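Let's walk through this one together, question by question.

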Amino acid sequence: MGYITDLRKYVGHEPLIGLGATTLVFNDRDEILLNLRNDTNTWGIPGGSMELYETIEETAIRELKEETGIRADELELIAVLSGKDDYFEYPNGDKMCTVIVLFKVINYTGKLHINDNESKQLKFFALNNLPTMESRAKAIIDKINNGSISINS
């Protein structure tokens, strides 16, 4: 069990502030890696909540490995996001105000494969041809597409 799951035992579905890492992975055609989420049946960007005693970089590396099977060898900090765009209510009623530390994966190793029960599918997409997105992931992509988040080093 994780930190957030443990907290939910005490607060139920009430809003929590959660700190997490999200990782942008691009292939050689500048397509972004997305995962089809089991909980919302929408596409998202790999990432998740920080556990106790982890650094945020460790969170990014762990979540990417858990969700995609690949290991980030080098990360670049892109942005720290919070606010209305990063509020989320899960299908089970859990409410979360997230602080997202957004990283771009510069180098990675390994082969894509689903490692956990959080994803149904992994696939690369062009930024201008995306599937139905989870709201926080859509907000990130919108900020990349409108230039308010720069992903170019």
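Q: Is D142 buried, partly exposed or exposed?
A: This is a predicted model, in which local features need pLDDT of at least 70 and side-chain atom pairs count only at pLDDT 80 or more, while totals for chains, interfaces and linings use all residues. Residues are numbered from 1 along each chain as its sequence is written, and side-chain values use heavy atoms, with hydrogens and water left out. Buried means under 20% relative accessible area, exposed over 50%, and partly exposed in between (1.4 Å probe, protein chains only). The relative accessible area of D142 is 34%, so D142 is partly exposed.

Q: Which residue forms a salt bridge with D142?
A: A salt bridge here is a side-chain nitrogen of Lys or Arg within 4 Å of a carboxyl oxygen of Asp or Glu. With the closest N and O atoms 2.8 Å apart, the partner is K138.

Q: Are E134 and R136 buried or exposed?
A: These two form a salt bridge, with their closest N and O atoms 2.9 Å apart. E134 has 5% relative accessibility and so counts as buried. For R136 the relative accessible area is 9%, so R136 is also buried.

Q: Which element gives the largest share of the lining of the largest pocket?
A: On a 1 Å grid over the protein atoms alone, a pocket is an open set of points where a 1.4 Å probe fits, with protein on both sides within 12 Å along at least five of seven lines, and lining residues have an atom within 4 Å of a point. The largest pocket has 38 lining residues, with R37, G48, S49, Y90 and E118 nearest its centre. Elements giving two or more residues to this lining include α1, β2 (32-37) and α3 (135-145). The largest share, five residues, comes from β1.

Q: Is Y3 buried, partly exposed or exposed?
A: Y3 is found in helix α1, residues 3-11. Its relative accessibility is 34%, so Y3 counts as partly exposed.

Methods:
Helices (H or I, at least four residues) and strands (E, at least two) are DSSP runs, numbered from the N terminus.
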